[in-house]
Amino acid sequence: AMCRWLAHMMDFGTLATLKDGKPYGGIASYSDGAFDNPTGRLFFYLTPMGELPQNAAVNPQTSLTVTEAQLPDACPEPEEPTCARVTFMGKFKKVEITEDQELARTSMFKRHPKMAAWSTMSDHDFTLYELQIEEIHLLDYFGGAKQVKPADYFNAQLDTQQGDAPNPSTAQGNGNGNNITMGGVWVGAMAGSACGVSFVAFLALGYMMYMRRDKPYTLASCEL
């Protein structure tokens, strides 16, 4: 769920492609859906005149990296391991299916309203793309990055209801040992002793992040 939360809360990142066998990256806006409809899918609206889509047309292997540091006052030091960041890897393709085009268009224009006017710029031919996720690499605590299965990423549940920042004095357990709530932020149960350290870290990190955001999130397991 950390990956889903990062993908949903951010709306731009570093898109990396290959140009003549050499790495070439750039900033690109994206959307995984409207704020009340996170899909986890990563859509883009780019002009084929740009080098990033041109590179992807030759070699579709692409990555997108986003970081919690993109949010105001989120991280004093972006390279600190507790400053969460995730890299999505996969193929960068045009959105061809009609139903997917509608979803991609709605997702982009809801999060980036100014883009709606770009559709009238016929000389730029702005086009909908999707990074079709094949690998996910997450770093949000000490000990190195971990790989997240795409299926686990898409199965993670986000709570998109609006909520006020919790009062630290309201942090409490629910008494059954399965979940912990901190002023409305729910953290799923951690399975196995190997998750013990991560659990404490995720709990503290989740609380700090929620204090800085206007939307809560659900953390399903230490695997995510």
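This is a predicted model: local features need pLDDT of at least 70, side-chain atom pairs count only at pLDDT 80 or more; totals for chains, interfaces and linings use all residues.

Colleague: In which helix is the place of Ser107, and is Ser107 buried or exposed?

Modeller: Ser107 belongs to the run of residues 98–111, helix H3. For burial we use relative accessible area: buried is under 20%, exposed over 50%, and partly exposed in between (1.4 Å probe, protein chains only). Because its relative accessibility is 2%, Ser107 in H3 counts as buried.

Colleague: Which residues does Ser107 touch, not counting residues up to four places away in sequence?

Modeller: Contact here means heavy atoms within 4.5 Å. By that rule, and with those sequence neighbours set aside, the partners of Ser107 are Ser31, Asp32, Gly33, Ala34 and Phe43.

Colleague: Which residue forms a salt bridge with Asp32?

Modeller: A salt bridge is a side-chain nitrogen of Lys or Arg within 4 Å of a carboxyl oxygen of Asp or Glu. Asp32 lies in the loop between strand S2 (22–29) and S3, and its partner is in helix H3, so the pair ties together parts that are 79 residues apart in sequence. Both members of the pair are buried. With the closest N and O atoms 3.9 Å apart, the partner is Arg111.

Colleague: Over which ring does the charged end of Arg111 sit?

Modeller: A charge sits over a ring if NZ of Lys or CZ of Arg is within 6 Å of the ring centre and within 35 degrees of the ring normal. The charged end of Arg4 does this with Tyr153, at 5.5 Å from the ring centre. For Arg111, at 4.1 Å from the centre, the ring is that of Phe35.

Colleague: How many salt bridges are there by this rule?

Modeller: One of them joins Glu51 and Lys19, with the closest N and O atoms 3.3 Å apart. Glu51 is in helix H2 and Lys19 in strand S1 (residues 12–19), so this pair ties together parts 32 residues apart in sequence. Arg41, Asp100 and Glu130 are also linked, in a network of salt bridges. The count comes to seven.

Colleague: How far apart are Glu102 and Arg105 along helix H3, in helical turns?

Modeller: Their side chains meet in a salt bridge (3.7 Å, N to O). Glu102 is partly exposed at 47% relative accessibility, and Arg105 is partly exposed at 34%. Because they are three residues apart in helix H3, the separation is about one helical turn.

Colleague: How many residues of H1 are buried?

Modeller: Helix H1 spans residues 2–9 and is mostly covered. Its buried residues include Trp5, Leu6 and His8.

Colleague: Is Ile133 buried or exposed, and what is the C-alpha to C-alpha distance from Ile133 to Lys149?

Modeller: Ile133 lies in strand S6 (residues 127–139), and its relative accessible area of 14% makes it buried. Leaving aside neighbours within four places in sequence, its contacts include Leu42, Phe88 and Tyr153. Ile133 and Lys149 are 16 residues apart in sequence, and their C-alpha distance is 9.8 Å.

Colleague: Lastly, what share of the residues in the protein is buried?

Modeller: The protein has five helices and 11 strands. Among contacts between residues at least 6 apart in sequence, 72% join residues at least 24 apart. Of the 224 residues, the buried share is 43%.

How values were computed. Residues are numbered from 1 along each chain as its sequence is written. Side-chain values use heavy atoms; hydrogens and water are left out. Helices (H or I, at least four residues) and strands (E, at least two) are DSSP runs, numbered from the N terminus.
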